Amino acid sequence: MAHQIDYKLVGDDMQAVVITLDPGEIVQAEAGSMMFMESGIEMNTEMQGGLLGGIKRKLGGESLFITTYKNTGTGKKHVSFAAPYPGKIVSFNLAETGTMLCQRDAYLCSAFGIDISVAFTRRLGAGFFGGEGFILQKLSGDGYTFIHAGGTVLKHELGAGESLKVDTGCLVAFEESVSYDIEMAKGIKTALFGGEGLFLAKLTGPGKIYLQTLPFARMANRVISAAGY
C-alpha cells in the first residue's frame, strides 16, 4: 500500500512542497533541498543502499547521500522542500503510475524507501547526443515522490503506438511503458540553423509524458549570452 503523504504545494512559478509528518513518519529528500523544518524533526544524512546505491544516485544526477527527516516529537510536524530554479513541482503516486523515468536532476523528495537509481536508454546514440545524457533517473517504489521541472509542465498521454517528437531538454519525465529514442533532425539546414539542435527525442506510447517549457540549460545559456560570456 502506498505511503499516503500529506502535502501541500505552495507558490506558482517558484514552488515549494510542505509535507506534514505524523509522529514516527519519515520523508527523504535530495541533499540541500530542504527549506525549513519544525522542531521535533530529526534530520539524518546517509548513503542508502551502500556505496553502490550512492554511485547509482550520483550517475542519475543526484548526490551520493540521501537526507531523511523523521518526526521524533509529538503531534504533527512540517518540513518543506524547494526547487533550485523557477518552475513547477510535480507529484507522482508510484503505486498508481509504476516506475517513472526522469531527467537526471529532477528528483526533489519522496516517501521514505523510494528507490532512486539509473536507467540507460535503449540506444547508446540517445546517450551521447540526447542533450540530457544517456543516463536517466529511475524512480521506483510504492509511495509518493516529487520532482521539479523548469517553467510550466505540460502533461501528454500517448496511446499505444502513438509517437511524439520533442526537444530533448524539454522532456522531464515519462512512464516506464513509454519507449524512448533519439533521432537526428532531418536536413542539414534544420540541424544547423533550426535552433533546436541536431537531435530530437522520439517517445512512443502507451503512457504519460511530462514536458517542461523552460529547461534549466536553456535558461542558463540565455543568461550567459546576455552577460556577454
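**An aromatic cluster, a histidine and a pocket**

Tyr-7, Tyr-144 and Phe-146 form one aromatic cluster. The model is predicted. It holds five aromatic pairs. In one of them, the ring centres of Tyr-7 and Tyr-144 lie 6.3 Å apart, and their planes meet at 50 degrees, so the pair is tilted. Tyr-7 sits in strand 1 (residues 6-10) and Tyr-144 in strand 13, so this pair ties together parts 137 residues apart in sequence.

Tyr-7 also pairs with Phe-146. Here the geometry is edge-to-face, with 4.8 Å centre to centre and 80 degrees between the planes. Again strand 1 is linked to strand 13, across 139 residues. Phe-146 has a relative accessible area of 0% and is buried. Tyr-144 is buried at 15%. Tyr-7, at 29%, counts as partly exposed.

Strand 13 (residues 144-150) also carries His-148. His-148 counts as buried because its relative accessibility is 3%, and the cut-off for buried is under 20%. A polar atom of its side chain lies 3.1 Å from the backbone oxygen of Asp-105. Its contacts include Pro-84, Tyr-85, Lys-88, Tyr-107 and Val-172.

His-148 leads on to the second largest pocket. Twelve residues line this pocket, and Glu-30, Pro-84, Asp-105, Tyr-107 and His-148 lie nearest its centre. The space in the pocket is about 160 Å³. Its lining divides into six nonpolar, three polar and three charged residues.

One backbone feature remains. Gly-205 and Pro-206 are joined by a cis peptide bond, with omega about 20 degrees. Pro-206 is in the loop between strand 18 (199-204) and strand 19 (207-212).

How values were computed:
Residues numbered from 1 in each chain as written. Predicted model: local features only at pLDDT ≥ 70, side-chain atom pairs only at ≥ 80, totals over all residues. Heavy atoms only, no water. Helix = DSSP H or I, 4+ residues; strand = E, 2+ residues; numbered from the N terminus. 1 Å grid on protein atoms, 1.4 Å probe; cavity = no way out; pocket = protein on both sides within 12 Å on 5 of 7 lines; lining within 4 Å. Points joined across faces, edges and corners; volume = space filled by probe spheres on them. Nonpolar A, V, L, I, M, F, W, Y, C, P; charged D, E, K, R; others polar. Buried < 20%, exposed > 50% of the residue type's maximum accessible area, 1.4 Å probe, protein only. Polar contact = N/O pair within 3.5 Å; in protein donor to acceptor, adjacent residues only side chain to side chain. Contact = heavy atoms within 4.5 Å. Phe/Tyr/Trp six-rings, centres within 6.5 Å; stacked < 30°, edge-to-face > 60°. Lists of a residue's contacts leave out its neighbours within four places in sequence.
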